[in-house]
Amino acid sequence: MQTIIIDDYLKNGILIEKEFRKIINNINWKNFENENVLIKGCSEFIIPTWAYLLITAKLVRYAKNIYYGDLKSPIMIYKS
């Protein structure tokens, strides 16, 4: 299962929407084609809901299944 960790896109513990949108627009989403993808939750920082929604919207076209949470107990949020 491939994992996307939103914490990797934080700047000093803050997610800046304009910069985050640029970053996700430059990701090669085809790398997730027909893959199970986990969007890692449970950050020590506050991650706005829109960040998860933006990533999910990009993944839906490619991923086989999309999960949220952690590897031990993922929650399915999309099934193709």
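This is a predicted model: local features need pLDDT of at least 70, side-chain atom pairs count only at pLDDT 80 or more; totals for chains, interfaces and linings use all residues.
User: How is a pair of aromatic rings described?

Analyst: A pair of aromatic rings is described by two things: the distance of the centres and the angle of the planes. In this model the count comes to four aromatic pairs. One of them joins Phe20 and Trp50. Their centres are 5.9 Å apart, with 65° between the planes. Planes over 60 degrees apart count as edge-to-face, so Phe20 and Trp50 form an edge-to-face pair.

User: Which parts does the pair of Phe20 and Trp50 tie together?

Analyst: Phe20 lies in helix α1 (residues 17-25), and Trp50 lies in helix α2 (residues 49-59). The pair therefore links parts that are 30 residues apart in sequence.

User: Are Phe20 and Trp50 buried or partly exposed?

Analyst: Phe20 is buried, at 1% relative accessibility. Trp50 is partly exposed, at 26% relative accessible area.

User: What is the geometry of the rings of Tyr52 and Tyr68?

Analyst: The ring centres of Tyr52 and Tyr68 are 5.4 Å apart. The planes stand at 85°, so this pair is edge-to-face. Tyr52 belongs to helix α2 and Tyr68 to strand β3 (residues 65-69), so the pair ties together parts 16 residues apart in sequence. Tyr52 is buried, with a relative accessible area of 16%. Tyr68 counts as partly exposed at 28%.

User: Which residues do ring pairs link into a cluster?

Analyst: Tyr9, Phe20 and Trp50.

User: What is the strand order in the sheet?

Analyst: The order is β1-β2-β3-β4, in an open sheet of four strands with mixed pairing. β1 (2-5) and β4 (75-79) stand at the edges. Each has a single partner strand, so one side of each is left without a neighbour in the sheet. From one strand to the next, the twist averages 25°.

User: How many bridges join β2 to β3?

Analyst: Five bridges join strand β2 (residues 36-40) to β3, and the two run parallel. For Leu38, the bridge partner in β3 is Tyr67.

User: Where does α2 pack?

Analyst: Helix α2 packs on the sheet. It touches β1, β2, β3 and β4. The direction of α2 makes about 170° with that of β2.

User: What surrounds Asn65 in contact, leaving aside its neighbours within four places in sequence?

Analyst: Asn65 lies in strand β3 and is buried, with 8% relative accessible area. Its contacts beyond those neighbours include Glu35, Val37, Met76 and Tyr78. Asn36 is in contact too. The side chains of Asn65 and Asn36 are joined by a polar contact of 2.8 Å.

Terms used:
Residues are numbered from 1 along each chain as its sequence is written. Side-chain values use heavy atoms; hydrogens and water are left out. Rings of Phe, Tyr and Trp (its six-membered ring) pair if their centres lie within 6.5 Å; planes under 30 degrees apart count as stacked, over 60 as edge-to-face and the rest as tilted. Buried means under 20% relative accessible area, exposed over 50%, partly exposed in between (1.4 Å probe, protein chains only). A polar contact is a pair of N or O atoms within 3.5 Å; within protein, one must be able to donate a hydrogen and the other to accept it, and residues adjacent in sequence count only if both atoms are side-chain atoms. Contact means heavy atoms within 4.5 Å. Two strands pair if DSSP finds at least two bridges between them. Axes are lines fitted to C-alpha atoms, for helices over the stretch in contact, and angles run from 0 to 180 degrees between N-to-C directions.
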